[in-house]
Amino acid sequence: MLPAGESHHARNEKIEEPQENPSTGLFREYLRIRTVHPEPDYDEAVKFFERVASELGLTCRKLEFCPGRVITVLTWEGTSPHLKSVVLNSHSDVVPVFEDHWNTHPFAAHKDENGNIYARGAQDMKCVTIQYIEAIRKLKAEGKQFPRTLHLTIVPDEEIGGYSGMAVFVKKPEFKSLNVGFALDEGLANPSDQFTVFYGEKSIWWLTVHCVGNPGHGSRFIENTAAEKLYKVINSFMEFRGKEKQRLESDPRLTLGDVTTVNMTKLSGGVAYNVIPSEMAAAFDLRIPPTVDLKAFEVNIQNWCRQAGEGVTYEFYQKTMDQTVTSTEESDPWWKAFSGPCKELNLTLKPEIFPAGTDSRYLREVGVPAIGFSPMNKTPILLHDHNEYLNEQIFLKGIDIYTRIISSLASVAPQPGE
């Protein structure tokens, strides 16, 4: 029996959920593509972008310089294609996850009742890719045209150094043919009302220190062992680390991008508990700001090794020496074109040196000014963390921000030499 006043029609009526914003839907679709290391599904991502290019009327090029590592370039040609172009860069790969630590499946793109979208890549950096795309969709729907050509470059393997992606791309004729004048790339979230903008990056030094010493039985006091030497080396690195940490904590004007970080990341050596090894090694990850004299800094490393004793050497796995930064002066036309719309939108920008590494470093090395920017304020920094998420409203606001910025960059007046 039905309750009083309730009809059969009302009982069987389906309650429809409010329709999701199409931009959010596209974002969640992209998040579900498992481009996660060590075996990212790049093929599925490329198909996704081919479809998007077709929908938007953009040309789509697929460049494969390394097997299985396709660089996708979506192009919106400007009305004056001889002018230098603007690159909107992003990477499609994401870092691995520890599913046991996630509250939802990391590739389900679950949206909770607060509009928080949980997925690996939600902040780093699939949000930015879709914000570029949706900003262009909006501009095209409005019938806009711009003098400068826009290229959306979606590259692989950024999370493992970019060696099969942007690092090789910038050295190829195909990149030169893009005639790039300026590039946007990824930034970081900011928990405050401000938006962080990155105009440079630290130099990444990955090195291994090898210590050779006298071997012997584990029951004896052998002199000049590899372990003793390595102990001294580690102390030197860690003492410097402590000084930089103290400098950061004691000066509120400094950010993580202004100091050198030092971390010991690997130890190796030894064959048995009762055998003193003849060789031991330690690996270090150093991130050095562009204000530091790199040659002088390497002299410090040489001294630390020399002070540890004979038979102490080091070798680099990665050694970035380029310290180019992008101008943030109001007289610079590209910076003005980027920052101007932000001011009009009453966004507070916080220019910084990026504390880690992105593909922007490869762009700057070949002379392309690049800004790292992800429009995510009021958002905790969760890249590479468990339960990475981005709120839907922050995501959608980012599309509006990019719409203004992209319009401005694509309209920069011809510069000398163009």
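User: Between which two elements does the loop holding D124 lie?
Analyst: This is a predicted model, so local features need pLDDT of at least 70 and side-chain atom pairs count only at pLDDT 80 or more, while totals for chains, interfaces and linings use all residues. Numbering starts from 1 along each chain as its sequence is written, and side-chain values use heavy atoms, with hydrogens and water left out. Helices (H or I, at least four residues) and strands (E, at least two) are DSSP runs, numbered from the N terminus. On that basis, the loop with D124 lies between β5 (116–118) and α4.

User: Is D124 buried or exposed?
Analyst: The cut-offs are under 20% relative accessible area for buried and over 50% for exposed, with partly exposed in between (1.4 Å probe, protein chains only). D124 comes out at 5% relative accessibility, so D124 is buried.

User: What kind of peptide bond joins D124 and M125?
Analyst: M125 is also in the loop between β5 and α4. Most peptide bonds are trans. The bond joining D124 and M125 has an omega of about -15 degrees, and is cis.

User: Which residue does a cis peptide bond join to H37?
Analyst: Look in the loop between α2 and α3 (42–56). There, omega is about 15 degrees, and the residue joined to H37 is P38.

User: At which residues does UniProt place the feature "binding site"?
Analyst: The record is an unreviewed entry, and such annotations may be inferred rather than shown by experiment; positions follow the numbering used here and feature names are shortened. The residues span 96 residues in sequence, but no two of their C-alpha atoms are more than 8.7 Å apart, so they gather at one spot. The "binding site" positions in UniProt are H91, D124 and E186.

User: Where does UniProt put the "active site"?
Analyst: Here too the entry is unreviewed. The positions are spread over 66 residues of sequence, yet they cluster in space, with a largest C-alpha distance of 6.8 Å. UniProt names D93 and E158.

User: What is the relative accessibility of D93?
Analyst: D93 belongs to the loop between β3 (85–91) and β4 (110–111). D93 counts as buried because its relative accessibility is 0%.

User: K378 has a positive phi; is K378 exposed or buried?
Analyst: Most residues other than glycine have a negative phi. K378 is not a glycine, yet its phi is about 50 degrees, and its place is the loop between β16 (370–373) and β17 (389–391). With a relative accessible area of 55%, K378 is exposed.

User: And N387, is that buried or exposed?
Analyst: N387 is in the loop between β16 and β17, and its phi is positive, near 55 degrees. At 15% relative accessibility, N387 is buried.

User: At what angle do the axes of α2 and α4 cross?
Analyst: Axes are lines fitted to C-alpha atoms, for helices over the stretch in contact, and angles run from 0 to 180 degrees between N-to-C directions. Residues in α2 including F27 and Y30 meet α4 residues including I130 and R137. The axes of α2 (residues 22–31) and α4 (residues 126–141) come within 10 Å, and the crossing angle is roughly 145 degrees.

Notes
Contact means heavy atoms within 4.5 Å.
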